[in-house]
Amino acid sequence: MEFKEILTNRRAINFFDPAQNVTEDQLREIIQNAAKAPSSFNLQPWKLIVLRDASKKAELQKLAFDQPKVSEAPVVLIMLADREGWKEGNTTLEANFSNSMQPEQRDWFISTTSALYGGSEAASQAFANKNTGLFAMSIMYAASDLGLHTHPMDGFDHEGVRKAFDIPEQYWIPMLLCVGHKKKDVKIHPKGWRQSYEEMVLNTL
Ligand SMILES: Cc1cc2nc3c(=O)[nH]c(=O)nc-3n(C[C@H](O)[C@H](O)[C@H](O)COP(=O)(O)O)c2cc1C
């Protein structure tokens, strides 16, 4: 699909067809394509929990303002932002290091990521969430490319979801993401208002 088409077709879809599955192959393709997203120092501080089971999705729906799409979508992703993804010993950081760096770069690498992202809770939180947001956006576009639909959600009880799904403290949950097929014959509202270029640019210097 043309990228412009993907940009236009991606919508936050409220009504999914529960009868139409997202296959394991499709999900893998979406996630592997989305993993090409950029990240700070290529640290990729993101993980996923994939929900397909009806009872698990029902449990999540209750914690997500009872939004029916959580149960209707065949796949719901709990996006996890790793607030410790900058730290020495973190599994993903270590994998990244051993796959793409030389031992003599280690001291510089660890001290730089620690200084940038480990100085405060706010810094770790921002690091984890900005990168996972880019990954989530890439998932939405990768799904659109396969003709599938998505819906991002931050309307949920964060600590309730953490508890119900045993999510360790190191992760923040920036959003839930439904993936599926749009229900047939559902009318989608025209795309909502967007800021113009002039409204978005505060200053040109
Ligand atoms: C981080 C994030 C969280 C959102 N949370 C919800 C939500 O909990 N429930 C909902 O109905 N829509 C949610 N939305 C969808 C937005 O309302 C929607 O993206 C926006 O109105 C623009 O519409 P479009 O995505 O169809 O272009 C969320 C979107 C984002 C990016």
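How do the residues of the shell around the ligand divide into nonpolar, polar and charged? They split into 4 nonpolar, 3 polar and 3 charged. Here, Ala, Val, Leu, Ile, Met, Phe, Trp, Tyr, Cys and Pro go down as nonpolar, Asp, Glu, Lys and Arg as charged, and the others, Gly among them, as polar.

A note for every view: this is a predicted model, where local features need pLDDT of at least 70, side-chain atom pairs count only at pLDDT 80 or more, and totals for chains, interfaces and linings use all residues. Residue numbers start from 1 along each chain as its sequence is written.

View A. Around the ligand sit Arg11, Ala12, Gln67, Pro152, Met153, Asp154, Gly155, Met175, Lys191 and Gly192. A residue is near the molecule if its C-beta atom, placed from the backbone, lies within 6 Å of it.

View B. All 5 of the 5 residues of β5 (residues 176–180) are buried, so the strand is largely enclosed by the rest of the structure. Leu176, Cys178 and Gly180 cover one side, and Leu177 and Val179 the other. Buried means 20 or more other C-beta atoms within 10 Å of a residue's own, exposed means 12 or fewer, and partly exposed is in between, with C-beta atoms placed from the backbone. Strands (E, at least two residues) and helices (H or I, at least four) are DSSP runs, numbered from the N terminus. β5 pairs in the antiparallel sense with β2 (residues 75–82) over 4 bridges, and with β3 (residues 149–153), also antiparallel, over 5 bridges; pairing takes at least two DSSP bridges. Cysteine 178 is the bridge partner of valine 76, and leucine 176 that of methionine 153.

**View C. Helix α7, end to end.** Helix α7 (residues 121–145) has 25 residues, and at 1.5 Å a residue it should span 36 Å, which agrees with the 36 Å between its end C-alpha atoms. The expected span is 1.5 Å times one less than the number of residues. Just after α7, glycine 147 has a positive phi of about 80°.

**View D. Two residues of helix α6.** Phenylalanine 109 lies in α6 (residues 106–117) and is partly exposed, with 19 other C-beta atoms within 10 Å. Leaving out residues up to four places away in sequence, phenylalanine 109 touches Phe97 and Met101; contact means C-beta atoms, placed from the backbone, within 7 Å.
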